[in-house]
Amino acid sequence: RASRLQVFKDYLRLGTEHILTGPDHLLFVLGLLMLMVALKPLIKVVTAFTVGHSVTLTLVALGWARFPSGPVEILIAATVLFLAAELTTEEGERPSLLRRRPWLMAFGFGLIHGMGFAGALAEIGLPSEEIPMALFSFNVGIEIGQIAFVILMAAVGWGIRTLFRDIPVWVARLPAYGIGIMAAYWCFERTSSLL
């Protein structure tokens, strides 16, 4: 039987590794960062995403809800694709719901991503004597990885804006198109493997 501290350390590391090796989750977080250029709205949106994925991660990990992994993986890719499409469209006179209430979208999509996190946790397993600690530390690990990624990408973005002050709009949108291409590929790949 592992000690509580050992469970905390192990699942903290596993959560951090999971987010940092999950390109679909990272691209979604990058899209949120691109959507919210100011710090305060970014914190709200990332917090809403965290709350959303924490809810479903806990529900599924405790066995209170079940979702088949194949469709969940397709839905995760679809959330990334939806966000990329939003990033490549002009803000019209009447902004989309995503632009008016980005925290609501982040919460809803977080619910879907949490199902994916729970699938990874199911593969690892939970220690029966320390389930709450394992869930907590896995979630904290995900957040540590997510925050580290946001800080790194914000620094890269700041560096690019500092070096190249007048970036054409089409160049600034290239990352969003890259995210969209990857997400579309994942949608097709995951759908074909399910069929």
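**Helices and burial in a predicted chain**

Colleague: How many of the 195 residues of the chain count as buried, in percent?

Modeller: This is a predicted model. Buried is taken as under 20% relative accessible area. Of the 195 residues in the chain, the share that counts as buried is 42%.

Colleague: Which secondary structure does the chain have, and what does its radius of gyration come to?

Modeller: The chain has 9 helices and 0 strands. For 195 residues the globule rule gives 16 Å, and the value for the chain is close to that, so the chain is as compact as a globular protein of that length. The radius of gyration is 18 Å.

Colleague: Which share of the contacts with a separation of 6 or more comes from residues 24 or more positions apart?

Modeller: A contact here means heavy atoms within 4.5 Å. Among contacts in the chain with a separation of 6 or more, residues 24 or more positions apart account for 86%.

Colleague: How far apart are the end C-alpha atoms of helix 2?

Modeller: Helix 2 covers residues 23-35, which is 13 residues. At 1.5 Å a residue they should span 18 Å, and the model agrees with this. The end C-alpha atoms are apart by 18 Å.

How values were computed. Residues numbered from 1 in each chain as written. Predicted model: local features only at pLDDT ≥ 70, side-chain atom pairs only at ≥ 80, totals over all residues. Heavy atoms only, no water. Helix = DSSP H or I, 4+ residues; strand = E, 2+ residues; numbered from the N terminus. Rg over C-alpha atoms; globule rule 2.2 N^0.38 Å. Buried < 20%, exposed > 50% of the residue type's maximum accessible area, 1.4 Å probe, protein only. Expected span 1.5 Å × (residues − 1).
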